[in-house]
Amino acid sequence: MRWTVLTLICCTWTAHGLIRIPLRRMLSVRTQLRASNRLEVFMRDHQPDVFNRRYAQCYPPGIPSLRLGKSSERLYNFMDAQYYGLISLGTPQQNFTVVFDTGSSDLWVPSSYCVSEACGMHHKFKAFESSTFNHDGRMFGIHYGKGHMLGIMGREILKIGPLTVQNQEFGESVYEPGFVFVMAKFDGVLGLAYPSLAEELGTPVFDSIMNQKSVDQPIFSFYLSKSKLPRDPGGELLLGGMDEALYSGPINWNPVTLKGYWQIKMSSIQVQGALTFCPHGCQAIIDTGTSLIIGPTRDILALQQLIGATPTSIGEYLIDCARLSSLPQVTIMLNGVEYVLTAESYVRREMMGDHEICFSGFQAEDLPSSTDPLWILGDVFLSDYYSIYDRGQDRVGFAKHDQCLSV
Ligand SMILES: *[C@@H]1O[C@H](CO)[C@@H](O)[C@H](O)[C@H]1NC(C)=O
């Protein structure tokens, strides 16, 4: 009898600290462009250097307090972003759709003062309508690839599902570069990486959540569904722990090697019966805001060849859909555990008109790294494995998706 009561107390208490945020899966910018036959033109017009020249003259000249953060290629990564969730800022609440991004640390949404085309297509934060808004006054800039986003900073009440975060620092963008944000189905980004990666001054959202003791454990986890059916949930972000209903088997942990991104050691990546890449180990960033698996150009080109992927004029790699069942498995080795990706996992299928086309889920990009070669494990990997991010012990865990759910 006593035992039953104890169990009850334990589980009610645990459930109390868990915040469930449903994620929706929507069409990425790339998919939308492809479906409307505009992808090739877009890619030709928006090669980084062209992009740079076109928008260079648009930057406001010399804002003294403007801080420009570390360069990254995230604008292009967000072209493929697919999983979004809802947050609100202010009183009364103003709703925004954001990418919950483990590959950055800032929170930003479009400002009502933004006149960029992209802002016209999205929800904009109206500071003057909120009774809880605190003006900060500092400007910020975030490099997105070769474009800059510019904005002003403020503090607000942030709501994520049932959870309330007081006095959250965030950015309101007043200038959004380029075309990717115009077509994006999300309004802004909520970064979940370490404070050292924050390009705005201030405390990242999950650090605020930990400081305000709004969750029992300093842990969050992602379930990203593979299902493309509109009626299926796209996934779940769980704040405060992990959802045992969504995975099975043990959790395999990996210590964070550098606290900026969620960066861990990758022992190797191997194509079945063939080459092993990074045989002496490399580093991997676990990134929900990136869609594919990204690696050094030399390795990825060899890998594309091994899986029979051929390049298109705009740098994508096509695979013959009829050959999927004969393609080799790709095995990623993390901390002594093998993570096997079959072609069903690493090939993206998309409709173009009435026929299906298949793309390699691997992409080449040489990321600057002070340590070993850097890879990014994005949604291609994370939609096969439940991922757990532990700020208490600075580690990332992976577990098998529950089979029944990951159809
Ligand atoms: C904001 O989202 C919440 C939760 O979905 C909803 O109940 C509310 O009506 C929304 N508010 C506005 C102004 O759209």
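Modeller: What follows takes the pairs one by one. This is a predicted model, in which local features need pLDDT of at least 70, side-chain atom pairs count only at pLDDT 80 or more, and totals for chains, interfaces and linings use all residues. Residues are numbered from 1 along each chain as its sequence is written, and side-chain values use heavy atoms, leaving out hydrogens and water.

Colleague: Why is the contact between aspartate 243 and arginine 20 called a salt bridge?

Modeller: The term requires a side-chain nitrogen of Lys or Arg within 4 Å of a carboxyl oxygen of Asp or Glu. The closest N and O atoms here are 2.4 Å apart, so the pair qualifies.

Colleague: What makes aspartate 243 buried or exposed?

Modeller: Its relative accessibility is 9%; buried means under 20% relative accessible area, exposed over 50%, and partly exposed in between (1.4 Å probe, protein chains only). Aspartate 243 therefore counts as buried. Arginine 20, at 42%, falls in between and is therefore partly exposed.

Colleague: How do you know that aspartate 299 and arginine 298 form a salt bridge?

Modeller: Their N to O distance is 4.0 Å. Aspartate 299 is buried because its relative accessible area is 12%, whereas arginine 298 is exposed because its value is 71%.

Colleague: How many salt bridges does a search of the whole structure find?

Modeller: The search finds eleven.
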